[in-house]
Amino acid sequence: MTAPRTQTPQKTQTIQETDVTTGATVWLTGLPSAGKTTIAYELAGRLRAEGHRVEVLDGDEIREFISAGLGFSREDRHTNVQRIGFVAELLARNGVLALVPVIAPYQDSREAVRKRHQTNGTAYVEIHVATPVEVCSERDVKGLYAKQAAGELKGLTGVDDPYEAPESPDLRIESQNQTVQESAASVYALLSERGLA
């Protein structure tokens with residue numbers, strides 16, 4: 001008869017979280033040249049400095065890499081927003097703060113994204129960067145307003161294509177009245193208040 005084997009105790013590994021892992025989608029909607037992307041990158045820097053995992057889903061990059069081939073019809077814009085919403089929710093569900101500076105001109109498209117987050121129990125914050133069209137056209141970061149005025153561009157959101165402003169966003173920013181740092185700080189304050197930063 002052989003003696004019973006004695007089992008050597010298994011070493012238990014404890015994994016310590018060193019990074020903050022609360023995820024959320026922070027959707028910044030507003031007109032072209034409202035300041036959405038600038039605010040998002042300013043906020044991203046601050047959040048990363050505190051150890052948060054952050055991704056900025058820039059609307060132009062999404063159009064190039066994920067939504068290539070889509071136009072600017074209402075249907076195509078809706079499809080684009082849903083694709084961005086899917087990626088944002090996936091990131092947020094996995095502990096990333098997804099900052100999404102995207103025009104997303106239609107209320108029903110944004111609401112569908114919010115519902116996707118609610119269904120999966122993922123935090124979602126809607127920020128309206130409510131810069132007036134007159135200010136946006138003066139900034140004209142990408143020259144879109146100038147092209148529209150010259151008749152070279154049709155379907156510019158807020159000029160000859162509709163923009164449905166959020167009725168009750170989680171935060172409304174009037175970027176023309178404050179610095180980029182102040183705008184980013186107001187979003188940061190909201191995230192902190194909700195335990196997301």
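A contact means heavy atoms within 4.5 Å. In the protein chain, among contacts between residues at least 6 apart in sequence, 77% join residues at least 24 apart. The model is predicted: local features need pLDDT of at least 70, side-chain atom pairs count only at pLDDT 80 or more, and totals for chains, interfaces and linings use all residues. Residues are numbered from 1 along each chain as its sequence is written, and side-chain values use heavy atoms, with hydrogens and water left out.

**Confidence**
- The mean pLDDT (the predictor's confidence in each residue, from 0 to 100) of the protein chain is 90, and 89% of the residues reach 70 or more.
- Residues 11-20 have pLDDT below 50, and this stretch makes 5 contacts in the model beyond near neighbours in sequence.
- Where pLDDT is low, the predicted coordinates should not be read in detail.

**Fold**
- The protein chain holds 7 helices and 5 strands, taken as DSSP runs (helices H or I, at least four residues; strands E, at least two) and numbered from the N terminus.
- Their order from the N terminus is β-α-β-α-α-β-α-β-α-α-β-α.
- Of the 197 residues in the protein chain, 42% are buried, that is, under 20% relative accessible area with a 1.4 Å probe and protein chains only (exposed is over 50%, partly exposed in between).

**Nonpolar cores**
- A nonpolar core is a set of buried Ala, Val, Leu, Ile, Met, Phe, Trp, Tyr and Cys residues joined through side-chain atoms within 4.5 Å.
- The largest such core has 29 residues, of which Leu 43, Leu 47, Leu 99, Ile 127, Val 187 and Leu 191 touch the most other members.
- Elements that give two or more residues to this core include strand 1 (24-29), helix 1 (36-49), strand 4 (124-129) and helix 7 (180-193).
- A second, separate core of 12 residues includes Leu 57, Ile 84, Ala 88 and Val 100.

**Backbone at two loop residues**
- Most residues other than glycine have a negative phi.
- Ser 33, in the loop between strand 1 and helix 1, has a positive phi near 70 degrees and is buried, with a relative accessible area of 15%.
- Asp 140 lies in the loop between helix 5 (133-139) and helix 6 (144-149); its phi is positive, near 35 degrees, and Asp 140 counts as buried at 15% relative accessibility.
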